[in-house]
Amino acid sequence: MSDVLTQLAEVLEQRKTANADDSYVASLYSKGLNKILEKVGEEATETIIAAKDANNSGDNKAVISETADLWFHCMVMLSQLGEHPDSVLRELEQRFGLSGIEEKASRDR
């Protein structure tokens, strides 16, 4: 799974030098972090709506598609901030064996 994330991270990095007229990602980078965050918020909302619809219909196709869009835009955000998806994977890995309550308490300190 992380191979896909690594490949996508490489493409996102390449798009930083691409022409904004030729690449959607390059156009996001050229508009800056606020535009990227706007897209993350938009995709999060669409994911929530799709999940509610899936819960009612039993069809998860749209929620999978919207989640992919959300993850994609989160990766664009991370790339804009100079981070690689491995940073998030390491954070998730560190949380194994730690209850959610304990993990949240460790952040509140």
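Residues are numbered from 1 along each chain as its sequence is written, and side-chain values use heavy atoms, without hydrogens and water. Because the model is predicted, local features need pLDDT of at least 70 and side-chain atom pairs count only at pLDDT 80 or more, while totals for chains, interfaces and linings use all residues.

**View 1. The protein chain holds six helices and zero strands.** Helices (H or I, at least four residues) and strands (E, at least two) are DSSP runs, numbered from the N terminus. The C-alpha trace spans about 45 × 40 × 25 Å along its principal axes.

**View 2. The largest nonpolar core has 13 residues.** Such a core is a set of buried Ala, Val, Leu, Ile, Met, Phe, Trp, Tyr and Cys residues joined through side-chain atoms within 4.5 Å. Buried means under 20% relative accessible area, exposed over 50%, and partly exposed in between (1.4 Å probe, protein chains only). Among the members that touch the most others are Leu 12, Tyr 29 and Met 75. Two or more residues each come from α1 (2-15), α2 (24-31), α3 (33-57) and α4 (61-80); α4 gives the largest share, five residues.

**View 3. Met 75 and its contacts.** Contact means heavy atoms within 4.5 Å. Apart from neighbours within four places in sequence, Met 75 is in contact with Leu 5, Leu 8, Ala 9, Leu 12 and Pro 85.

**View 4. Ala 51 in helix α3.** Is Ala 51 buried or partly exposed? Ala 51 is partly exposed, because its relative accessible area is 35%. Its C-alpha lies 5.3 Å from that of Val 63, 12 residues apart in sequence.
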